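Work through these exercises with the model open beside you. Try each task before you read its solution.

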Amino acid sequence: MAVILPIIQFEDKIIEIVEQNSIVVVIGETGSGKSTQLSQILHRRGYTKSGIIAVTQPRRVAAVSVSRRVAQELGVRLGEEVGYAIRFEDRTSEKTCIKYLTDGVLLRESLSNPELNQYSVIILDEAHERSLNTDILLGLMKRLVKLRTSNLKVLITSATLDGGKVSRFFSNCPVLTVPGKLFPVEILYSSERPTSYLESALKASLDIHIREPAGDILIFMTGQDDIEKLVSKLEDGVQSLEEGSCMDAIILPLHGSLPPEMQANIEIRVFSPAPPNCRRFIVATNIAETSLTVDGVVYVIDSGYVKQRQYNPSTGMYSLDIVQISRILFNCYFPDSRVQADQRAGRAGRTCPGKCYRLYPSIFYREEFSDVTVPEIQRSSLAGSVLYLKSLDVPDIDILKFDFLDPPSRESLEDALRQLYLIDAIDENGVITKVGRTMAELPLEPSLSRTLLEANECGCLSQALTVAAMLSAETTLLHTRSKVTEKKRKHPQDLPNGSGWGDHIQLLQIYESWDQVNYDPRWCSDNNLQVRGMLFTKDVRKQLSQIMQKSAKGSMDVQTIIKRKERQKDYKNLRRALSAGYAGQLAERMTHHNGYRTLGFKQQLVQVHPSSVLQADEEDGRFPDYVVYHELISTSRPFMRNVCSVEMSWVMPILDKLEKLDINKLSGGTSIPEDRLKGEELAVDLQKNEADAVKATDDRDSRIQAARDRFLARKTNK
DNA sequence: GAGCACTGC
């Protein structure tokens with residue numbers, strides 16, 4: 001029978017606190033059973049009589065697997081009393097009283113039902129991960145419990161370190177701590193910072209292999225590059241050990257962009273226990289922190305770094321930075337399933353304690369690591385979130401004063417407002433427009449949803465649907481070119497090239513070609529495209545078509561070749577629609593060379609990314625005078641990724657708009673009605689928000705800069 | 001002439 005989870009002993013206490021309070025923070029360590037048990041406890045005590053219990057998860061797989069387990073424990077069929085809802089898949093029915101869903105789905109639901117009346121309890125699980133969506137939900141819950149004081153309970157589960165902070169955010173709501181079943185972990189620090197953390201990780205793993213008893217080793221590295229290097233060094237290292245001196249070794253890379261056939265293979269090998277007398281070395285990115293749980297891990301080697309994508313609102317540019325991990329992440333390294341796996345296996349009645357080798361001194365950990373990761377909301381472009389909040393049918397949401405747990409910087413919010421204004425989602429006073437409302441219904445970045453609406457007017461909706469869907473899946477489309485796949489590739493790329501107009505057109509043509517072969521998966525692999533990425537595109541396109549159904553002015557079918565011949569060859573309508581959607585992502589070529597300057601709030605010198613299929617003029621070798629871009633990414637230099645050629649006559653009205661833009665009017669928006677908040681409280685809140693925001697920006701910038709400096713110094717040293 | 005951690009509607 002099932003093991004009794006610690007949380008069960010707290011049932012009476014939980015119910016007592018929940019009955020007296022609308023909001024409760026539950027701090028449950030890994031292994032406490034909070035994700036599966038809280039909903040069942042509240043169900044047992046009658047909370048499903050007046051509505052459904054919703055439990056949000058940051059990831060799709062978690063929503064599915066946890067609901068499956070709860071259904072099993074309650075002895076019901078999944079999709080009946082217990083169900084889940086994730087994008088593309090709703091497995092709930094009229095009977096459903098416990099519903100697991102991704103936080104993104106709950107946000108969508110509150111668009112059409114802002115009071116979320118169907119729910120009697122909302123549990124925000126894994127809130128410590130601080131996903132963008134969770135942060136927005138935290139703010140929404142704060143106002144929702146005031147609106148529905150009598151009939152809504154909100155529970156927020158978090159890990160140890162920031163429980164107090166969440167409680168303060170919710171006017172010092174009670175905090176309930178439930179112990180977990182963490183296995184004791186011995187932490188070992190290096191005596192000094194390594195000159196090369198790759199070499200240091202190599203040495204540490206071989207030491208473990210030689211000296212320590214059986215148990216797999218999980219090594220956290222920052223990216224594919226380092227993982228491949230370490231894997232090959234480990235292979236050499238293990239081979240050079242004396243035959244029979246220690247057990248066999250299997251070395252496995254684990255990261256998000258492994259080619260699917262290899263990943264399938266590895267998944268089986270990662271998730272099944274190692275064969276006897278054999279130790280596994282799993283060299284992984286942070287995919288192993290949360291998304292995948294590797295069974296059998298006893299030793300963890302922690303480089304202390306992680307790669308993070310950051311958005312800089314003052315330049316509109318993304319960068320991929322190597323930053324220090326936060327202390328809180330450590331808790332994720334030893335998930336409960338490892339302990340359970342050890343117990344099940346029995347290991348001759350002996351459990352061995354975990355060991356974590358940190359490749360840095362303890363003083364470094366104590367003094368330089370921050371408690372928590374910079375929340376996503378402070379390192380993303382907020383155009384989509386701001387549009388979402390503005391479209392919610394609540395009168396008192398003023399975006400610059402919205403109550404966030406960690407407010408984004410004013411700069412970031414203003415950047416979002418400018419973007420939204422340029423694409424007509426809000427008017428010059430910052431009020432959402434009719435266009436903006438329609439855009440918010442589409443599960444797309446604002447630039448792409450605006451493109452769809454414009455395309456509908458231009459008679460090229462079907463093409464725009466394809467482009468938007470392809471861009472939604474873009475990161476999973478192409479095989480990354482590691483040295484291994486490079487060698488294996490037999491045929492040269494034989495894909496359409498966008499006819500010179502750029503990358504959006506190429507993406508369109510690729511999908512149309514796939515349509516021509518009836519979505520044959522082999523066509524994808526033959527052309528070096530990830531099958532799952534293309535299938536995802538197909539799902540997204542279908543979902544977008546369904547949403548556009550009621551307003552569509554033309555066919556939404558993928559174009560056939562015959563139809564295509566009849567159409568203009570210059571994709572003029574589609575490119576015009578793109579220029580409307582990307583009005584805030586526009587660049588003008590420099591007179592004497594092929595560099596561009598962006599035409600936004602702050603002008604940047606940028607170049608077309610070398611991977612682009614945009615073609616230069618055959619005669620003068622020049623790129624088009626004007627392009628729109630999907631994103632700016634700063635790597636070795638600032639680049640525009642995914643560009644599309646546009647006409648000067650379409651650009652002029654945008655430039656006019658840019659000139660008229662007045663950020664003071666835009667951010668004015670609506671003010672908070674007096675009865676909602678007393679004057680003094682408001683002033684204090686605003687001051688606090690402002691100070692928090694300034695501090696957050698400073699903290700973030702200095703932290704990123706310091707980490708980057710240290711990392712670069714180390715790289716050059718070796 | 002470059003390179004990309006991980007999620008999600």
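Helices (H or I, at least four residues) and strands (E, at least two) are DSSP runs, numbered from the N terminus. This is a predicted model: local features need pLDDT of at least 70, side-chain atom pairs count only at pLDDT 80 or more, and totals for chains, interfaces and linings use all residues. Residues are numbered from 1 along each chain as its sequence is written, chains are lettered from A and ligands numbered from 1 in the order in which they are written, and side-chain values use heavy atoms, with hydrogens and water left out.

**Exercise 1.** Find which elements each supply at least two residues of the surface near DNA strand B, and describe that surface by class.

*Solution.* 
- Step 1. Count the neighbours. DNA strand B is surrounded by 27 residues, and the closest are R60, R87, G256, T635 and R641.
- Step 2. Look at the DNA side.
- Step 3. Name the elements. They are α4 (103-112), β14 (305-312) and β21 (638-646). The largest share, three residues, comes from α4.
- Step 4. Sort by class. Ala, Val, Leu, Ile, Met, Phe, Trp, Tyr, Cys and Pro count as nonpolar, Asp, Glu, Lys and Arg as charged, and the others, Gly among them, as polar. The surface has eight nonpolar, ten polar and nine charged residues.

**Exercise 2.** Which part of DNA strand B does the side chain of R637 approach, and which does that of R641?

*Solution.* 
- Step 1. Recall that a polar contact is a pair of N or O atoms within 3.5 Å.
- Step 2. Take R637. An N or O atom of its side chain is 3.0 Å from a phosphate oxygen of DNA strand B.
- Step 3. Take R641. An N or O atom of its side chain is 2.9 Å from a base nitrogen of DNA strand B.
- Step 4. A polar backbone atom of P610 is 3.4 Å from a base nitrogen of DNA strand B.

**Exercise 3.** Describe how α16 and α17 cross.

*Solution.* 
- Step 1. Get the geometry. The axes (lines fitted to C-alpha atoms over the stretch in contact, with angles from 0 to 180 degrees between N-to-C directions) of α16 (residues 446-458) and α17 (residues 461-472) come within 8 Å and cross at roughly 170°.
- Step 2. Classify the angle. α16 and α17 are therefore roughly antiparallel (over 145 degrees).
- Step 3. List the contact (heavy atoms within 4.5 Å). L448, T451, L452, A455 and N456 of α16 meet L461, A464, L465, A468 and L471 of α17.
- Step 4. Sort the contact of α16 with α17: eight nonpolar, two polar and no charged residues.

**Exercise 4.** At what angle do α13 and α14 pack?

*Solution.* 
- Step 1. Helix α13 (residues 383-391) and helix α14 (residues 410-422) pack at about 75°, with axes 8 Å apart.
- Step 2. So α13 is roughly perpendicular to α14 (65 to 115 degrees).

Methods: Parallel < 35°, antiparallel > 145°, perpendicular 65-115°, else oblique. Near = heavy atom within 4 Å. Polar contact = N/O pair within 3.5 Å; in protein donor to acceptor, adjacent residues only side chain to side chain.
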